[in-house]
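Subject: A structure for you to explore

Hi there,

Here is the structure I promised to pass on to you. Have a look around it first, and then read on for what turned up.

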Amino acid sequence: MRLKLIAIILFFSLSIFAQNRDGTRQKSIRLSSLNTSVKDAIEIFSNEHNLTKHYTYKTIYKNVDKGNLSHEKFQQYYKNLKIEFGTIITHSNDQGVYLINGELYNTNELDVMPTLSSDEALQEAINELNATVYLWEDKDQSLIMDYKKPVGELLLFPDIYSNKVYLAYKFDIYSLIPHKREEVYVDAKTGVLLFKNPIIKHTKNDITHNRNLNYTSTENKVNNTFITASAATRYSGIKQIETTSLGSDYILHDNTRGNGIQTFNCENGSIQNVNFTDADNVWSAAEYDNAQKDNAALDAHWGAEKTYDFWNVYFNRNSFDGNGGTIKSYVHFSTNYVNASWNGSFMIYGDGSASIQPLTSIDICAHEIGHAICTYTAGLVYQNESGALNEGFSDIWGACVEQYGKNGTLSGTISPSVWLIAEEIGASPFRSMSDPNSKGDPDTYLGTNWYSGAGDNGGVHTNSGVLNHWFYILTEGKSGTNNAPTPDTYNVTGIGMQKAAEIAYIAERDYLTPNSTYADARVATIEAASSIYCANSPEVIAVTNAWYAVNVGDQYTLVSDDIALQTITGTNTVSCDATLNPVLNLKNQGLNPISTISISYTIDGGVATNLNWTGNLNPCSSTTFPLTLTGLSRGKHILEVTSTITNDGKSENNTKSVVILVNDSGSVGIVNPFSNSSDELITYDLSGTTTTWKRGIRSSGNLSSNGNTVYTTNLTGNYANNKKSYIVSQCYDLTSVSNPQISFAMKFDLEQDWDIVYVEYTTDFGLNWSVLGQMGANWYNSDRTLHTAGNDCYNCVGAQWTGTDFNLNTYSYPLTSLVGQSNVIFRIVFHSDQALNQLGVNIDDFVISGVLSNESFNQSSISIYPNPSKGIYNISFSEQIPTSIEVFDLTGKIIVTKDPIYTTNDNEVSLDLSAVAQGIYFVKILADDKQVVKRIIKE
C-alpha cells in the first residue's frame, strides 16, 4: 500500500531577548512551529511564566501592518480580575504566530477577597493625598469634564520592584488644588497607598501653577457648516485652518477631522467651553496679535489639525485613540502657567511668563497629543525608564509633526530648529534632541546627566534625552564617541525621518508594554524594522547602531555572506495520497549576492541527501526550494535540513529540524485494537518532542486496561499538567460508504471542567480542524465553554468529555455529514491545564465503520505528472472519465476550474498552472458522485 504523509512541525525555539547591561521588563519567545494559533501561543507563553490555572486573556486591540503581519495585544486576568500592566502581544504571519512578547505576573494564588470596600479605600487615598479641592465636589465643573467621583476598580497590582502582587483598588482621582490627576492604587486589604501613576503629562517638569480650575460650561449650538479660514498664527505665519459657523460668527471648531477638533478660551480664569470668534473668518494679526495673545489659540488649533493629519497620512490612524477621538484644546489657562499638559481628556495650554510666550507651538501641541497616543498604544507607566520612553516618544512626535506641518512632508532637509523642543516660545528651548547635554539631559544611557533620583517620577523629562538622541541619530546619522561609563565609538548612517518615525510608531504600538525599559525599546525597534524591511537591511543596521551610540546594546555585526534557513513550510498539511513536499524558505541576510546554496537533509539522522540551489539571490531577498520525501514508514520522523554557502558568516541560522508524521490509508470496518506495533497510530504533543499518549498495558487500578493494549495518558499514574496531545487516525475515504460512524472504547478520570478530551476531524488536508459532534447520547458529557467570569473551564471547547467514568464504554458518533469526502482524518485531543491532575484517559478499539458501495472510485487509475512541475501537468485517466477538475491553494481558494473535461490522447488532459505562484496546490477530480484529491507542487 502506498504511504500517505502527515507532517506537523512541533518544535518551538525559545529566543529570550535580553540585554544584561540594561535590564528588561519583557520576555519574548520566537516560535518556529508553524500554524501555531494565538490561543496555543498564549498557552506556551503562560507556561514559560509558570502560571497555574485561573488566568485568562482578553483582546485589547489588533493591528495589521503594511507587511501583512498581525499584532494582537491582550490584557492578563486572574479569576476575572485584571492584572494591571499584565500584557501579551502575539505577532502572526500567514503561517501562524511566530513571535510572542509581553510582561506577565504570577499572583501566587493570591486571595482576591478584599477587606475594605471601595468607599473605604477611596477615603484612605483622600487622607493620603490630602488635596484641598477635588473635581467631583463641584457638579457643574465635573460636567464639562464628564468626570464623576471615582468608584474603585478591584484589580491586581504588581509592584515591579518588589515582585509582589497586591489586591488593590484603582481610582482616577482629579484634584483641583493642587492641580493633579492620577491613577491611584490602594491596597484592598490594608488601605496602604501602593502607587500613583500621573495621568496629566506636562511638556516640562517644573510645574509653576497651582490653582482651582473652576470649570465653566457654555452651551454653544453649532451648525455643521465649516469653511477654510486664514489664520495669522503666533509662531508659524499665516496658515489655513478649518472653522465652523456659529450664527453670524466663526469659531475654532473643525468638523472635517475625526469627531472634531475644538479650541476654547479659558480667559485666564477657568476651564470652559468659551469659543474664540471671528466675524469674517479671516483671523488676522491685527485682531489676534493683541495684549491677550489670542493668536496663540490659532497655533493650538492649527497644531492640532496638523497633528491629526500627520497620524492619518503616515499611519492611517484616526485621531489619538484610532477611533476619531475629539481633540480639544484649552488656551489661556493662566498667565503664570509655564507649561502645557495632556490631562487624560484634553490639552491645557498656559500663557507662560514674562520670558516665555504661550505654550502652543506646533511641537508642543504634537507632544501633548503624543501622550494620548501612548495611552492608547503602549500605555507606558509614567515613572523611571518607561516614563522616560513616554516623554521621549512625545518629543519624537513633536519633531515629526513640526517637520510635516511646516513642510508638508517628512522628507527633505530638516531644519536644526526641528530638533529643539519649544524653541519658538522663548530664548531657551526646553530640550534638544540633537544635543541633549546642552540642556542638561543625558544623550547616553547611564552617561553624563543621567538622573537616578526620585524627582520628576524618576527623571522622566530628563532621561527622555536618550530616546530623543537615538531618534535624531537614526534620522540624520552621526559619528563620534559617547559618554557612557565605558565609552563607545560609533558611526551611524541615517535613514531619514519618515522611516525612523514608522519604526518608532510600530514599536510603540505593537511591541512595547507598560513597564518597558530602554533595553525593551531596543528590541522592539529592531523587531519592527526587521518586519518592515529585513534583518540585514540598512534600516535595521541603523536602528541597532543608533542604540549602540546611546549605550543600549551592542552594535550591528556586519556579515558579508550569510544564508538563513528561515522556515520549512508545506509540512503542516495532510496529504493522504502523495509524497511529502516540504518547501525551504531561504533568505540572503548578508551584504553580497548569492549564486549557489548547498542544501543537505537527513531523515532520523540517516544518510544525508545533498542538493544545490543556483540562481541570483540579492541581499534581503528570499527564495524557496522544494524537497521530495518518499518511502517513509508510518510514524514520527525527524527531518533536519542544513543550508550553507561559501564563507557563510553565521552558521547558527543554517539548520532547522522539524518533526514529520507519516500516515497511510485506513480501512473502513476494521477495528484497531492497538495490540501490535503495526497498529500504532501517530501521537504527538502541541510542543516538544515527547508525547503524552502512550501505547501499552495500563497497570492495576481504576484505569487498568485489564491486560489489553491501549492508548493512555500515563501507563502507571496521573497525567502531566499543561499538555495538549493528539492521537491521529489514518486517512479514510468515505466517498463510497453509507452510514459511516466513528467508534472507540474509553474510560477516563479528569479534573472536572479543567481537563478534557474531545475529537476533531479535517477534510482539507489538516489546514482546518473542527470539533466532531456535540454533547448527547453515547458521545460528549459536557457542553461547557469558558465561563463569562473567566474562572473555570478555560480549555473547554463547548463539546468534550470531562470528569470521571471508570466504566469502559464504547462511544460512537454518526459521520453523515462527511459522506462523499475522500480524505477524512480524525484526532483525539487530550488537554490538561496548569494544575491538579488525575488518572487520565484510556482509548481502545478504534474503528470507522459503514457499508461499502459496490462501485468505488479507482484512485490508482488517475495519475498526475510531472509532479513537481514548472507549471504544465498531465492528468491521465485509464478507466473513468472525470466530469470536472478544480485546483485550489492551501487556503482552500479555487484558482482553476476545468468543466467539462475533454480528454485527448489516451484519456489524458493537460493542466496549465504556469501563471500561479510557486507552492503547494491540490487538484480535485470529480466523476459522477465521487471525487479524489491529488496534491501537486509548483516549482
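Why can α8 be called largely enclosed by the rest of the structure? The reason is burial: 18 of the 22 residues of α8 are buried, so the rest of the structure encloses most of this helix. Please keep in mind that this is a predicted model.

**The whole chain**

The chain has 939 residues, and 58% of them count as buried. Its secondary structure comes to 11 helices and 51 strands. If you take the contacts between residues at least 6 apart in sequence, 66% of them join residues at least 24 apart.

I29 is 70 residues away from L99 along the chain, yet their C-alpha atoms are separated by 5.8 Å. L99 has a relative accessible area of 1%, under the 20% cut-off, so it is buried.

Try to find the kink in α8: it is about 40 degrees and is centred on T462.

You can look at α7 in a similar way. Its 24 residues should span 34 Å at 1.5 Å a residue, and this agrees with the 35 Å between its end C-alpha atoms. Of those 24 residues, 21 are buried, so α7 is largely enclosed by the rest of the structure. The residue that follows α7 is G408, and its phi is positive too, near 75 degrees.

Q383 sits in the loop between α6 (362–375) and α7 (384–407). Is Q383 buried or exposed? Its relative accessible area is 16%, and under 20% is the cut-off for buried, so Q383 counts as buried. Leaving out residues up to four places away in sequence, Q383 touches I160, Y161, F195, N457 and V460.

**How the helices pack**

In one of them, α9 meets α7. Their axes come within 11 Å and cross at roughly 145 degrees, and the crossing is left-handed. From α7, the contact uses F393, W397, A399, C400 and Q403, while α9 brings M497, A501, A504, Y505 and E508. Sorted by class, this contact has 8 nonpolar, 1 polar and 1 charged residues.

In the other, α9 (residues 497–510) packs with α10 (residues 518–532) at an angle of about 115 degrees, and the axes are 8 Å apart. This crossing is right-handed. Here E502, I503, I506 and A507 of α9 meet A524, T525, A528, A529 and I532 of α10. The classes in this contact are 7 nonpolar, 1 polar and 1 charged.

Most residues other than glycine have a negative phi, and most peptide bonds are trans. Here are some places that go the other way.

- I177 and P178 are joined by a cis peptide bond, with omega about -5 degrees. P178 is in the loop between β9 (164–177) and β10 (180–187).
- N867 and P868 are also linked by a cis peptide bond, with omega near 10 degrees. You will find P868 in the loop between β45 (862–865) and β46 (872–877).
- E267 is not a glycine, but its phi is positive, about 55 degrees. It lies in the loop between β17 (261–265) and β18 (277–278), and is partly exposed at 48% relative accessible area.
- F674 has a positive phi near 65 degrees and is not a glycine either. Its loop runs between β34 (655–663) and β35 (682–685), and at 1% relative accessibility F674 counts as buried.

Enjoy exploring, and write back with any questions!

Best wishes

Terms used:
Residues numbered from 1 in each chain as written. Predicted model: local features only at pLDDT ≥ 70, side-chain atom pairs only at ≥ 80, totals over all residues. Heavy atoms only, no water. Bend = angle between axes of the 7 residues up to and from the residue. Helix = DSSP H or I, 4+ residues; strand = E, 2+ residues; numbered from the N terminus. Buried < 20%, exposed > 50% of the residue type's maximum accessible area, 1.4 Å probe, protein only. Axes fitted to C-alpha atoms, helices over the stretch in contact; angles between N-to-C directions. Left-handed = near helix turned anticlockwise from the far one by under 90°. Contact = heavy atoms within 4.5 Å. Nonpolar A, V, L, I, M, F, W, Y, C, P; charged D, E, K, R; others polar. Expected span 1.5 Å × (residues − 1).
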